[in-house]
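Welcome! Take a moment to look over the chain below, then try each exercise before reading its solution.

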Amino acid sequence: KTIRTVGRIEYDERRLATVNTKFEGWIEKLYINYTGRPVTKGEPLAEIYSPELYATQLEFINLLKWQQTAVSSQQSAVSSMLSTDAGSIIDAAKQRLKLWDISDEQIEKIRETGQPFRTLTLYSPATGYVIEKMAVEGMRVMPGEKLFDIADLSVLWVLADIFEYELPFVKTGQKAKITLSSFPEKEFESVINYIYP
């Protein structure tokens, strides 16, 4: 039995990624400035300035300086104890930076240079296309606010409607042939992956 129906092509929901921040700030530079632009995983999307993030970096740098000063100025037994305490506090500050999505490489650079980053660069979490862009240069962003939606279009879904009386003839795993108005001479073969309840 052949069942003919009309379907619509949609994004594979499992291949969608949203980019947002975990801190308040302002977008100072926008690298991705239009919808539909292809991006690769790890590509810079935007630079955000956050006073709170900047202050946490300064705190981390001051803790590192305090640890070095304390270790060099005390006797060996006291120095060892201070070094352990300072190490725990530094680890906590480092963890706070990581929770704000500052990478290990960036933290190491802060440690080496003793200089905080004025802005944090947001990177693409996936390879795909920007399907929605809310970010505008100069805008204020709040924690959790969506800035970009990125979709991997290497796999797509075709959602097709069938009548109730045709349901007994349709099973997952069956093959389906798809034709598109944009490629009328080409036939795409697919497999029924899921039937909605």
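Predicted model: local features only at pLDDT ≥ 70, side-chain atom pairs only at ≥ 80, totals over all residues.

Residues are numbered from 1 along each chain as its sequence is written, and side-chain values use heavy atoms, leaving out hydrogens and water.

**Exercise 1. Find the strands that pair with S9, and explain why S9 is largely enclosed.**

Step 1: Strands (E, at least two residues) and helices (H or I, at least four) are DSSP runs, numbered from the N terminus. Two strands pair if DSSP finds at least two bridges between them.

Step 2: Strand S2 (residues 16-20) runs antiparallel to S9, with five bridges. In this pairing, Val-19 stands opposite Phe-148.

Step 3: Strand S7 (residues 128-133) also pairs with S9 in the antiparallel sense, over four bridges. Here Glu-132 has Asp-149 as its bridge partner.

Step 4: Buried means under 20% relative accessible area, exposed over 50%, and partly exposed in between (1.4 Å probe, protein chains only). Because five of the six residues of S9 (residues 146-151) are buried, the rest of the structure largely encloses this strand.

**Exercise 2. Work out how the rings of Phe-23 and Trp-100 are arranged.**

Step 1: Rings of Phe, Tyr and Trp (its six-membered ring) pair if their centres lie within 6.5 Å; planes under 30 degrees apart count as stacked, over 60 as edge-to-face and the rest as tilted. The structure holds four such aromatic pairs.

Step 2: For Phe-23 and Trp-100, the centres are 6.3 Å apart with 70 degrees between the planes, an edge-to-face pair.

Step 3: The two residues are 77 residues apart, with Phe-23 in the loop between S2 and strand S3 (25-30) and Trp-100 in the loop between helix H2 (76-99) and helix H3 (104-113). Both Phe-23 and Trp-100 are buried.

**Exercise 3. Decide whether Phe-163 and Tyr-165 are stacked or edge-to-face, and buried or exposed.**

Step 1: Their ring centres are 5.9 Å apart and their planes meet at 10 degrees, so this pair is stacked.

Step 2: Phe-163 and Tyr-165 are both exposed.

**Exercise 4. Describe the largest nonpolar core.**

Step 1: A nonpolar core is a set of buried Ala, Val, Leu, Ile, Met, Phe, Trp, Tyr and Cys residues joined through side-chain atoms within 4.5 Å.

Step 2: The largest one has 30 residues, and those with the most contacts inside it include Ile-27, Phe-60 and Phe-148.

Step 3: Helix H1 (51-73) gives the most to this core, with five residues.
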